Amino acid sequence: MTAAPLTDREISLVRTSLTVVAPQATEMTVYFYAILFARYPEVRGLFPENMDVQRDRLLRGLLRIIDLVDDVDNLVRFCSRLGRDHRKFGALDAHYPAVGECLVASLARFAGTAWNDEVAAAWTQAYTVAAQVMIDAAADDTRLRPASWEAQIIRHEHRGNGIAEITVQPDQPFPFVAGQYVSVETPWYPRTWRHYSPAHSPRADHTLTFHVRAVHRGQVSNALVHHAAPGHRVRLGPPQGDMTLAAAGDRDLLFVAGGTGLAPIRALIEEAAVSGMRRYADLFVGARTAEELYGLDDMLRLAQRHHWLTVRAAVSHESIPGQQGTLPQVLREFGPWDRHEAFLCGPPDMVTSGVRTLLHQGTPLAHIHHDPLDTPVLTAPLTPPRPDQEIDQL
């Protein structure tokens with residue numbers, strides 16, 4: 001980190017002043033973007049037309065920076081991640097001072113009498129430290145890979161229940177590891193990115209296939225499922241995520257998938273098959289009803305070809321032959337899984353409940369893997385979990 005870390009006094013000042021403006025956080029972020037676009041109209045094109053999500057993103061990013069301001073190593077990790085991620089938005093070094101100026105002005109307006117020259121200097125220093133790390137990380141990333149990849153949709157297949165399988169051909173090779181996820185931007189909602197996981201291990205032709213479910217009020221997902229067609233263009237951000245087989249060692253594997261969460265799980269199983277591994281894997285696929293058991297037939301066929309793979313399905317809202325109940329309930333029935341490496345993907349409630357079930361059965365937290373349950377750049381873990389971390393942290 002090239003900028004000097006904050007002193008204890010500066011840390012105390014920024015945290016204390018943030019508690020003052022916290023009750024007005026929403027109004028402050030609205031004001032921040034208003035003056036930013038008024039003073040520097042050239043930056044408006046970096047942001048989506050609908051700013052609601054972006055305002056929340058700014059606030060949560062700011063809160064996490066302040067939370068880490070006395071933890072230099074993790075502050076650098078977080079701000080480096082932000083800097084690399086901002087490349088796909090078109091952020092330039094010259095934009096950072098403009099943002100800092102407007103952020104300090106917004107804080108000053110809403111802090112009232114709690115604001116003075118010393119507080120302003122502390123916030124300026126805090127922002128300078130964070131911004132410099134982001135700038136340096138972006139510069140390093142520029143030497144390694146593009147900011148984004150242009151791609152063309154070459155196949156679009158509806159799979160029922162609002163799900164489409166969408167295959168894209170990037171204009172240049174797109175390196176990723178099975179289990180990672182990718183941010184996608186569509187032409188219908190510029191600068192609005194959503195994350196999807198390739199449903200396979202890397203292919204020789206560099207194509208990527210995503211499983212997308214049209215969610216209620218989901219602009220990007222509905223556009224991809226209902227409007228996209230072969231020939232349309234999309235943009236891909238760099239691959240992210242650590243839910244890969246590299247962490248599994250030589251332990252047997254447990255896979256838990258709900259809905260389109262089967263995509264990265266399927267990629268991991270495919271990778272395991274290609275590697276010729278000598279261990280066993282159990283896959284649990286869950287849904288509300290039998291009709292919604294997306295992709296189950298494909299996985300059963302895969303199990304017929306590989307003796308080491310066992311596939312079980314469970315439904316929670318329908319009485320049919322086979323396993324009934326939620327995935328966490330079925331996991332309890334077939335456990336314990338304390339000697340397995342576990343990978344979970346699906347709705348946040350399912351993942352959270354599944355993790356709790358595994359922890360109660362003795363599976364070490366370090367052996368449980370899932371993608372961030374919210375905006376990845378803001379919420380992904382900065383360091384691997386410790387075995388002694390408590391269940392209550394979930």
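Arg191 lies in the loop between strand S3 (residues 182–185) and strand S4 (193–196), where helices (H or I, at least four residues) and strands (E, at least two) are DSSP runs numbered from the N terminus. The phi of Arg191 is near 65°, a positive value in a residue other than glycine. Most residues other than glycine have a negative phi, and most peptide bonds are trans. Another backbone feature concerns the peptide bond from Gly335 to Pro336, which is cis, with omega near 5°; Pro336 is found in the loop between helix H10 (327–334) and strand S11 (340–345).

These descriptions come from a predicted model, in which local features need pLDDT of at least 70 and side-chain atom pairs count only at pLDDT 80 or more, while totals for chains, interfaces and linings use all residues. Residues are numbered from 1 along each chain as its sequence is written, and side-chain values use heavy atoms, with hydrogens and water left out.

Consider helix H1 (residues 8–21), whose axis comes within 9 Å of that of helix H6 and crosses it at roughly 100°; axes are lines fitted to C-alpha atoms, for helices over the stretch in contact, and angles run from 0 to 180 degrees between N-to-C directions. That angle makes H1 roughly perpendicular to H6, since angles of 65 to 115 degrees count as roughly perpendicular, under 35 as roughly parallel, over 145 as roughly antiparallel and the rest as oblique. Arg9, Glu10, Leu13, Val14, Ser17 and Leu18 in H1 meet Glu118, Val119, Ala122, Trp123, Gln125 and Ala126 in H6, contact meaning heavy atoms within 4.5 Å. These residues divide into 7 nonpolar, 2 polar and 3 charged, where Ala, Val, Leu, Ile, Met, Phe, Trp, Tyr, Cys and Pro count as nonpolar, Asp, Glu, Lys and Arg as charged, and the others, Gly among them, as polar.

Helix H6 (residues 117–142) also meets H5, with the axes coming within 10 Å and crossing at roughly 150°, so that H5 is roughly antiparallel to H6. Their contact is made by Tyr96, Val99, Gly100, Leu103, Val104 and Leu107 of H5 and by Trp123, Thr124, Tyr127, Ala131, Met134 and Ile135 of H6; by class it has 10 nonpolar, 2 polar and no charged residues.

Helix H5 (residues 95–111) has a further partner in helix H2 (residues 25–39), the two axes coming within 9 Å and crossing at roughly 135°, which makes H2 oblique to H5. The contact includes Tyr31, Phe32 and Ile35 of H2 and Cys102, Leu103 and Phe110 of H5, and by class it has 12 nonpolar, 1 polar and 4 charged residues.

The structure holds 11 aromatic pairs, a pair being rings of Phe, Tyr and Trp (its six-membered ring) with centres within 6.5 Å, stacked if the planes are under 30 degrees apart, edge-to-face if over 60 and tilted otherwise. The rings of Trp149 and Phe174 have their centres 4.8 Å apart and their planes at 75°, so this pair is edge-to-face. Because Trp149 lies in strand S1 (residues 149–160) and Phe174 in the loop between strand S2 (163–170) and S3, the pair ties together parts that are 25 residues apart in sequence.
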